[in-house]
Amino acid sequence: MTTSITNLNKTTYQFIYIVILFLTILSGCKKSSQKPDYPIGSNEHINTWILDSLKRYYYWNDQLPANPNLSLAPKDFFNSIRNSSDRFSYITIPNDPATAIPGNRNFGFDYTVVSDQNSSKAIGIIKVVLNDSPASRAGLKRGDYISKINGKTITVDNAQVLQTEILTSDHFSLGVAELKNNIWTDTRTVQLNKSIILDQREISKVIESDGKKIGYLYFLDFNGGLASSLTTAFSNFKSENIAELILDLRYNAGGQVAEAAGLCVMIAKNVSFNKPFIIYKGNKNGGTKTESIGTAATFDGTLNFNAILQQNLGLSRVYILSTAATASASEVMINNLKPFIQVILIGEKTRGKDEASFRIFDNRSPKQVNWEIHPIVYKLFNAQGIGGYSTGIAPDIKVNEMDNLPLLQPGDTADPMVRAAIAAITGKAIKTSTVINNVLTNSFQPDRVLMDSRTVSAQQSIVISHQLR
């Protein structure tokens, strides 16, 4: 009997020892799995927040590295964990120029540099001049030629280097030139200083050709409030009883889905609030969601659906002008109008942004992280499930505006892209009162595009959506 009790006690002690050992190991595991308490403001603290956010929302969240280097500077850390398929995500601190993506906008112009087919010459050609900007106040206009930047002659070899000088400067000079007697001659030098540029107004007009009234609308982005601001233009189109619409998005780098949806509401026939407009496909957390045109148009709170529906033109087709600078929400406009009406694309292949983002920021009080992330969260499709335009949307009618120089002002009926649209509408080649400078075209024939600041801006833009519920 004593032996049995002793054996029993040994068994009990062994069991208790095993339980204590297990609990000790479990406790150690719990402690080791806890995240370190990094000091607020440290790279490790900021990068932990970035990583946690991406694990929840990032389209490629299942491919994030297991043990990234948290000690890197936040921007370097973000780029180190960004997926190799990710072309557009970025990170920034609001109102901090050091973290912003540089561009020409603060100087008020965009330009391209092209080489000459017949010589070693390269020349800059101004494509866009913003209203009330350093460029407009200096007298620059679309179609002007640039021979020098900071006193240095533009060449095939230094075009990109000189553009970098612009992006890294607060001020610089441009040498403006003209082609006289087959010789490029410098005419003046202008100084440009960086400035804050306000949103740009649209250009709208009604063109009459071959008995048809055609609406023309040009604007540069899909910033918040755009659709509401365009109600006056659409009201005029409606009162003029236009039969066709030319939408000039050749330099439109995009912006918000809401504004693209709002514009579609005013264009297409048979629109109602609950008609499907866009399909978002996210990671396993986000899933797949379809959003109606009414919900998409009103999610940013800048417009009233019934108010813009009053301006609806009820069109069965639209003509859209595009280039490689046509991107983001502009491509949403092109692709997502197709289930509603016929879309005739004229110009060049678009940029190819079939993905969307929304802003992720630290909403704690007090805020611990100043950085904001704009990661790719969704792949985009229209109501018919058609998307996949990452290489761009090809035009139905190919036109290169650089084939006819000088470049003309937006909406000029002699502009080759506008002229092609009118010809497609009327079935006839149009005659214009504007004479293209054939002497220039014959003397200087654009060959390769060496640099295009507007196209670069389009590459850096992103489709802005919202967090779906």
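Mentor: Leaving aside residues up to four places away in sequence, Lys55 touches Asn61, Leu64 and Asn285 (contact means heavy atoms within 4.5 Å). This is a predicted model, in which local features need pLDDT of at least 70, side-chain atom pairs count only at pLDDT 80 or more, and totals for chains, interfaces and linings use all residues. Residues are numbered from 1 along each chain as its sequence is written, and side-chain values use heavy atoms, with hydrogens and water left out.

Lys55 counts as partly exposed because its relative accessibility is 44%; buried means under 20% relative accessible area, exposed over 50%, and partly exposed in between, with a 1.4 Å probe and protein chains only.

Lys55 belongs to helix 2 (helices are DSSP runs of H or I of at least four residues, strands are runs of E of at least two, and both are numbered from the N terminus). Helix 2, residues 43-57, packs against helix 3, residues 74-81, at an angle of about 35°, and their axes are 10 Å apart. Here axes are lines fitted to C-alpha atoms, for helices over the stretch in contact, and angles run from 0 to 180 degrees between N-to-C directions. The two helices cross in a right-handed manner, that is, the near helix is turned clockwise from the far one by less than a right angle. Helix 2 contributes Asn43, Ile46, Asn47, Ile50, Leu51 and Leu54, which meet Pro74, Phe77, Phe78 and Ile81 of helix 3. By class, this contact holds eight nonpolar, two polar and no charged residues (Ala, Val, Leu, Ile, Met, Phe, Trp, Tyr, Cys and Pro count as nonpolar, Asp, Glu, Lys and Arg as charged, and the others, Gly among them, as polar).

The axes of helix 8 (residues 257-267) and helix 11 (residues 329-337) come within 9 Å and cross at roughly 40°. The crossing of helix 8 and helix 11 is right-handed. Ala260, Leu263, Cys264 and Ile267 of helix 8 make the contact with Ala329, Val332, Met333 and Leu337 of helix 11. Eight nonpolar residues form this contact, with no polar and no charged ones.

As for the whole, the protein chain contains 14 helices and 20 strands. Of its 469 residues, 49% are buried.
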